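Biologist: I would like to learn how to read contacts, sheets and helices in a model. Please take me through one.

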Amino acid sequence: MIAPLKPGEHLVLSLGGLGDLLQQLRRDGYQLVGPTVRDGAIVHAEISGIEALPAGWTEVQEAGAYRLKRRSDGALFGYSVGPQSWKQLFFVPRLRLWTAHRTEGGFTVEKDEAAPPRLALIGARSCDLHAIEVQDRTFLQGPSVDPDYAARRRDVFVVAVQCGQAGGTCFCASMKTGPRATSGFDLALTELFEPHRFEVEIGTERGAELAGRAGAAPAGSADVEAAAAVVQQTERSMGRRMDTADIKELLYRNQEHPRWDDVADRCLGCANCTLACPTCFCGSVEDVSDLSGDTAERWRRWDSCFTLDHSYLHGGSVRASIRSRYRQWLTHKVASWIDQFGTSGCVGCGRCITWCPVGIDITEEVAAIRATDGARSGESKEPAT
Amino acid sequence: MVPEPARVLSWRRESHDTVTLALETATRRPFRPGQFNMLYAFGAGEVPISISGDPATAGVAVHTVRSVGAVTEAICRLRRGGVVGVRGPFGTPWPVGEARGGDLIIVAGGVGLAPVRPVVYHALARRADYRRVFLLVGARTPEDLLFRRELERWQRQGDLTVLVSVDRAAAGWKGRVGVAPALLADVEIDAGNAVAFLCGPEVMMRFCVRELGRRGLPDERIHLSMERNMKCAVGLCGHCQYGPTFICKDGPVLRYDRIRPLFWLREI
Amino acid sequence: MSEAERLRRHPFTRGLSDAQVESLAACARLARFPEGAAIFREGSEADAAYLILGGRVSLEQHVPGKGNVQLENLSGGDLLGLSWLFPGGRWTLDALAVEPTEAVALEAGRLRARMEEDAALGFALSRHVIQQLYQRLERVRLQRLDVYRVGP
């Protein structure tokens with residue numbers, strides 16, 4: 001029996017211990033959601049235990065490219081980020097908001113009383129934890145709270161993983177969202193080898209309690225240092241960066257920059273970036289009724305500012321050109337977001353770069369605008385009066 | 001937030017495509033001039049409609065609706081006793097307090113007259129708070145003019161100066177022909193003590209802003225009601241964004257100097 | 001009130017010297033039009049520039065089958081008529097007083113002569129005409145945009 005552990009302390013967990021820890025979580029009533037190989041990618045799905053994890057897999061990511069690749073070791077978390085974040089668990093892609101029934105006096109509305117499952121996130125990365133915090137600001141901290149998001153966010157157990165390598169498109173270091181996760185987790189694991197084990201940083205008391213039950217022992221200073229070195233190496237090897245100096249004003253004053261024309265020639269308006277992005281929050285509503293016309297439902301679904309419908313007004317779209325839609329997305333993500341929510345909307349996960357079919361790289365786009373700050377395509381529209 | 005059923009108390013046709021409905025809501029929610037409700041037509045959908053009635057009248061929400069699509073068409077087809085879903089009120093109001101002690105210049109175009117009518121009611125009820133009050137109204141044709149009898153009554157009353165202009169006249173029209181911003185030529189503007197409220201098509205408001213600028217009215221004394229695509233009305237769905245501004249919660253009434261960089265951008 | 005004083009009241013003479021205004025007064029006369037009166041008709045000789053002091057004038061075009069269609073209104077402070085600027089000009093529209101209207105009429109031939117003789121006067125008045133044209137153009141463009149119509 002070990003002494004009660006406290007947040008901030010470090011433990012060591014064996015491979016078997018991690019397996020036990022996951023089963024303990026299940027016995028505690030949590031539904032495990034973690035990485036697993038499916039359809040040629042590492043996705044987040046409900047998993048039953050350690051055997052589902054992508055042991056020995058990594059991925060090669062570049063702008064517009066993603067391939068799984070075998071590793072020479074059996075690392076369980078030897079990849080970076082897959083196409084999905086944790087967004088779809090809290091801000092779900094399709095949700096019925098309410099059902100309405102026609103009555104004599106008009107109609108009645110009933111809301112679904114769904115009880116969302118208690119989720120345990122396994123393998124959450126620093127960028128994605130920051131993304132959850134960013135989405136919390138949108139859905140929980142404004143004048144209106146999204147009740148479904150709030151319900152799903154309650155009592156989530158987080159087992160984070162400190163990244164052992166920088167992904168091909170990652171740039172969390174320059175966004176100050178990683179690679180080391182410092183908050184938002186119950187436990188943070190760093191995978192170490194020879195022997196294959198996990199250094200564990202305790203984030204919360206319940207994390208400590210669970211680690212204790214799984215047989216974690218206090219970590220020696222060698223393991224703590226080894227774990228720290230892993231993350232430092234990840235930071236050093238990060239290939240991309242976004243220069244965020246004064247980025248809000250930079251984007252605000254370059255709305256007529258010729259770079260927008262340039263990217264518009266490449267962008268397909270496919271919306272992949274918004275689907276892959278862990279912080280994008282646009283949603284649309286659909287009102288449907290049955291054939292009798294007596295029952296109607298309202299559904300919420302994910303939406304994207306890249307669609308023409310998104311800005312539909314008075315018979316046309318305000319943002320009809322791809323140029324204006326790309327400008328809207330990027331300016332919102334790295335500039336307007338700051339005015340709206342007090343942080344950047346970008347966490348440097350690199351997914352938009354990887355999953356863009358034509359390989360548009362937002363770090364490159366911002367750098368290009370910065371390089372010719374103030375350049376204009378076409379005339380200024382503002383009057384001289 | 002779910003729509004609350006509201007019964008139609010009265011219905012009145014304003015023009016060939018516009019009706020005014022008075023709705024009785026179960027909960028008496030006070031509103032301020034410039035705010036809007038989301039109106040739900042069962043099974044069809046929801047649209048944001050400004051409240052066009054007197055803010056002093058409790059328990060009744062008056063909306064002037066123009067039929068431009070499936071949902072508004074369904075709403076316009078309702079009659080007394082019909083039921084509409086209501087969510088709201090939402091949005092920022094016209095800052096009537098800022099005009100106190102000075103002149104209030106209201107320029108409204110088309111169905112934009114509906115969101116400013118509550119301001120007129122307010123100004124008439126507290127007339128001594130303001131110096132001169134101008135209501136400049138533009139419409140496509142005389143048949144499209146809203147609240148014609150009320151406009152004539154206000155003109156006769158003399159408490160405010162009402163100037164009306166139509167883009168194209170019909171035979172027998174004795175009033176002015178021309179665009180709404182041109183009516184500003186007949187308004188003496190005391191740039192140091194006047195406030196302008198603009199409401200109508202964005203192009204019309206652009207011309208008004210230009211003209212007001214020429215006449216020396218400072219940018220921070222001009223307020224506009226902006227519109228964008230709206231779905232949730234509570235700042236969560238992302239549709240109504242206008243730069244960093246959410247029209248549903250930071251607007252729809254916005255001060256011109258604060259949106260000036262956006263106002264002249266295309267496709268924003 | 002003298003013609004010169006009346007001229008001074010109108011923006012057309014802004015920035016002109018007293019001597020210049022007097023020289024214009026020599027070709028000016030006060031014109032009053034009761035409600036419904038035609039000030040000029042399309043096709044007739046553009047023989048005067050009208051500086052509207054008060055009232056309201058409707059610019060109209062006769063359209064076969066529709067009768068007279070009102071295009072625009074002018075009122076006090078506006079310049080009625082631009083076709084006088086060139087010799088042999090003819091009015092391209094009808095101008096009718098829809099309210100009792102008072103204007104200073106400047107005889108076109110003598111006005112043009114003054115503008116030729118005095119280059120500074122000619123420039124100042126031309127500039128005013130261009131300003132009026134621009135304002136008119138802006139309004140007409142907004143009218144043309146048909147902003148209250150709904151649909152693509």
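**Reading the model**

Modeller: In chain B, seven residues of domain 2 are in contact with eight residues of domain 3. Two residues are in contact if their C-beta atoms, placed from the backbone, lie within 7 Å. This is a predicted model: local features need pLDDT of at least 70, side-chain atom pairs count only at pLDDT 80 or more, and totals for chains, interfaces and linings use all residues. Residues are numbered from 1 along each chain as its sequence is written, while chains are lettered from A and ligands numbered from 1 in the order in which they are written.

Biologist: Which element gives the largest share of the side of domain 2 of chain B that touches domain 3 of chain B?

Modeller: Elements first: helices (H or I, at least four residues) and strands (E, at least two) are DSSP runs, numbered from the N terminus. Here strand 12 (residues 222-225) of chain B gives the largest share, four residues.

Biologist: What domains does chain A have?

Modeller: Domain bounds come from an automatic or database domain assignment. For chain A it gives domain 1 (10-236) and domain 2 (247-371). The contact takes 36 residues from domain 1 of chain A and 32 residues from domain 2 of chain A. Strand 6 of chain A supplies the largest share of the domain 1 side, nine residues. The C-alpha centres of these two domains of chain A lie 25 Å apart.

Biologist: How many residues of chain A are in contact with chain B?

Modeller: 39 residues of chain A are in contact with 30 residues of chain B. Strand 6 (94-103) of chain A is among the elements that give two or more residues to the chain A side, as is helix 11 (322-341) of chain A. That side divides into 15 nonpolar, 16 polar and eight charged residues. Ala, Val, Leu, Ile, Met, Phe, Trp, Tyr, Cys and Pro count as nonpolar, Asp, Glu, Lys and Arg as charged, and the others, Gly among them, as polar.

Biologist: What is the strand order of the open sheet in chain A?

Modeller: Two strands pair if DSSP finds at least two bridges between them. The open sheet of eight strands in chain A has the order 3-2-8-9-10-11-1-12, with mixed pairing. Its edge strands are strand 3 (41-46) and strand 12 (217-218) of chain A, and each pairs on one side only. Strand 8 and strand 9 of chain A pair in the parallel sense over four bridges. A:F157 in strand 9 is the bridge partner of A:A120.

Biologist: Which residues of helix 6 of chain A are buried?

Modeller: A residue is buried if 20 or more other C-beta atoms lie within 10 Å of its own. In helix 6 (residues 205-213) of chain A, the buried residues are A:G207, A:A208, A:L210 and A:A211. Seen down the axis of helix 6 of chain A, they fall within an arc of 165°, so they line one face of the helix. The arc is that of the directions from the helix axis to the C-beta atoms. These buried residues pack against strand 1, helix 1, strand 10 and strand 11 of chain A.

Biologist: Is A:C163 buried or exposed?

Modeller: A:C163 is buried, with 29 other C-beta atoms within 10 Å. This residue is found in the loop between strand 9 and helix 5 of chain A. Not counting residues up to four places away in sequence, A:C163 touches several residues, including A:S80, A:R125 and A:V231.

Notes
Buried ≥ 20, exposed ≤ 12 C-beta atoms within 10 Å, placed from the backbone.
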